[in-house]
Amino acid sequence: MDDLREEILKDLQENIMPFWMNLKDDEYGGFYGWVDYDLNLIKSTDKGGIATARYLWSFSSMYRFTKDEKYKECANHAYKFLLNNFLDKEWKGLYWMVDYKGNVTDYRKHVYTQSFGIYALSEYYRATGHEESLEMAKDLYYLIESKGFNNKNNAYMEEFNREWDISPNEMLSENGVVADITTNTHLHVLEAYTNLYRVWPDKELKENINKLIKIFYEYIYNKDTKFLKVFFDNKWNEIIDLKSYGHDIEASWLIDEALKVIASDNKEYLQMVVDIAYNIAKEGVLKDGSLKNEKEKGKDDLTKVWWVQAEAMVGFVNAYERTKDKKFLELVSGLWKYTKENVIDKRKNGEWYWSVEENNKPTEREIAGPWKTPYHNTRFCLEILERIDK
């Protein structure tokens, strides 16, 4: 584990962080919105609300871990941009997108965006003690609960217009369907609420975390197959035969994290966490050590996506901590070897590729964009480092 720690720390400090810090926009605020596959920086690209929140979380978390002022400076920079350019002072909540100068280009509100706002702002408070950010996180929490939760079907809703009228869920639907309910949004609301509870142990918030875990257990988790369902209609009917290996293993450790933070020892939920991890270990890991992307209608997508590898490593370390089954550490070793050799971009000023194709050639996709940010691999590094240090 000492070698793993050293290699991960080196990649974090010498590869991941320098890449994202270099995208700091000192003219218009925030961080530049696009770096293409050839590592060309496109300064005139729009900047996303989710991306901005993920920058804020990443630099706040780095500052909390290292106490290095350069990360605090970047966190402060991201916070100002989120506050001044994404927060709707009239209708509340965070916008979807602004242009490179910070003017709003897409006013829609998504529960997913609000959840990342909570996740980032609570981490910023956790790292710096900045009181205003905690109050802003609480406001977004109350907003999700008042506007974004449907008591009739016991589900968190998805997409709204600026005035919080519900809209078709274009932004968090994929695979040719438009979903009324998604596992992805529920997972990241849970992630956000868990982090908020760390700094604000409110009784009602704890109840809502319990509510979310129960939703996973009763509606999302398939107790027969041990997979999570992905997309649903508004009555919780599954609308596509889809399995997402990355989301499942990410959910395994994020649900467990929530259980730890609220000090729950619910045996059914703990068993779900472990069963998901064993299932993904069995169904998703390839001979080269990597994790497949997803399976749609019985056909595997063998693309190796950057965030899927990152979340799998955290998920399997977490599963080892729960079970003491050394099989999980062997899986982490294989995943890291594959990631080192294929996913990490060894070009000068590179970071991690978006994905690697079945033939192990990098996918020619952006290296930074609205969905490609420092969040997944920074968190992977910090989670593994913190767990090894314990």
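Mentor: Start with a term: two strands pair if DSSP finds at least two bridges between them. Strands (E, at least two residues) and helices (H or I, at least four) are DSSP runs, numbered from the N terminus.

Trainee: Fine. What sort of model is this?

Mentor: It is a predicted model, where local features need pLDDT of at least 70, side-chain atom pairs count only at pLDDT 80 or more, and totals for chains, interfaces and linings use all residues. Residues are numbered from 1 along each chain as its sequence is written, and side-chain values use heavy atoms, with hydrogens and water left out.

Trainee: Sheet first. What's the strand order?

Mentor: S1-S2-S3, in an open sheet of 3 strands with antiparallel pairing.

Trainee: Which strands are at the edges?

Mentor: S1 (47-48) and S3 (104-106). Each of them pairs on one side only.

Trainee: And how many bridges join S1 to S2?

Mentor: 2, with S1 and S2 (residues 97-98) running antiparallel. Gly48 stands opposite Met97 of S2.

Trainee: Switching to Thr113. Buried or exposed?

Mentor: Buried (under 20% relative accessible area; exposed is over 50%, partly exposed in between; 1.4 Å probe, protein chains only). Thr113 has a relative accessible area of 1%. Thr113 lies in helix H4, residues 111-128.

Trainee: What is Thr113 in contact with?

Mentor: Gly49, Ile50, Leu94, Tyr95 and Trp96, leaving aside neighbours within four places in sequence. Contact means heavy atoms within 4.5 Å.

Trainee: Now helices. At what angle do H5 and H7 pack?

Mentor: About 55°, with the axes of H5 (residues 131-147) and H7 (residues 203-220) 12 Å apart. Axes are lines fitted to C-alpha atoms, for helices over the stretch in contact; angles run from 0 to 180 degrees between N-to-C directions.

Trainee: How are H5 and H7 oriented to each other?

Mentor: Oblique. Under 35 degrees counts as roughly parallel, over 145 as roughly antiparallel, 65 to 115 as roughly perpendicular, and the rest as oblique.

Trainee: Which residues make that contact?

Mentor: Tyr141, Tyr142 and Glu145 of H5, with Glu204, Leu205, Asn208 and Lys211 of H7. By class, that is 3 nonpolar, 1 polar and 3 charged. Nonpolar covers Ala, Val, Leu, Ile, Met, Phe, Trp, Tyr, Cys and Pro; charged covers Asp, Glu, Lys and Arg; the others, Gly among them, are polar.

Trainee: Last one: where do H1 and H12 sit?

Mentor: Their axes come within 10 Å and cross at roughly 150°, with H1 at residues 2-21 and H12 at 375-389.

Trainee: Which residues meet there?

Mentor: From H1, they include Leu4, Ile8 and Leu12; from H12, they include Phe380, Leu382 and Ile388. The residues of the H1 contact with H12 divide into 12 nonpolar, 2 polar and 2 charged.
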